[in-house]
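Trainee: Could we take a close look at a single part of this protein, and see how that part sits in the whole?

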Amino acid sequence: MRTSLNNIKLTDDYMNGLLPTGDALVFEARLILNPALQEEVLLHKQTLALVKQYGREALRKDIEDIHQQLFSHPQHRSFKDSILRFFKH
């Protein structure tokens, strides 16, 4: 299990440009020679893209929740009016 965790860290560091030049070259050579590693890197890229998308969706939901609270609750009426006046000019 430790080996697979090391491989994940190595792949992540490679993809983020954190490996020293020599280590990056060795990793690229391993990619050429090892189709299974190529598949791991592809899956890692897809996983990172999904995590990034999930983060965007979660942030979008949080922003929408804040918007709803600020513009629908009576106690925030003065803030809402201030914002709307700002955009009317």
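Mentor: Of the 89 residues here, 10% count as buried, where buried means under 20% relative accessible area, exposed means over 50%, and partly exposed is in between, using a 1.4 Å probe and protein chains only. Keep in mind that this is a predicted model, where local features need pLDDT of at least 70, side-chain atom pairs count only at pLDDT 80 or more, and totals for chains, interfaces and linings use all residues. Residues are numbered from 1 along each chain as its sequence is written, and side-chain values use heavy atoms, with hydrogens and water left out.

Now zoom in on Glu40. You'll find Glu40 in helix H3, which covers residues 35-72; helices are DSSP runs of H or I with at least four residues, strands are E runs of at least two, and both are numbered from the N terminus. Glu40 counts as partly exposed because its relative accessibility is 39%. Go 11 residues away in sequence, to Val51, and the C-alpha to C-alpha distance from Glu40 is 16 Å.
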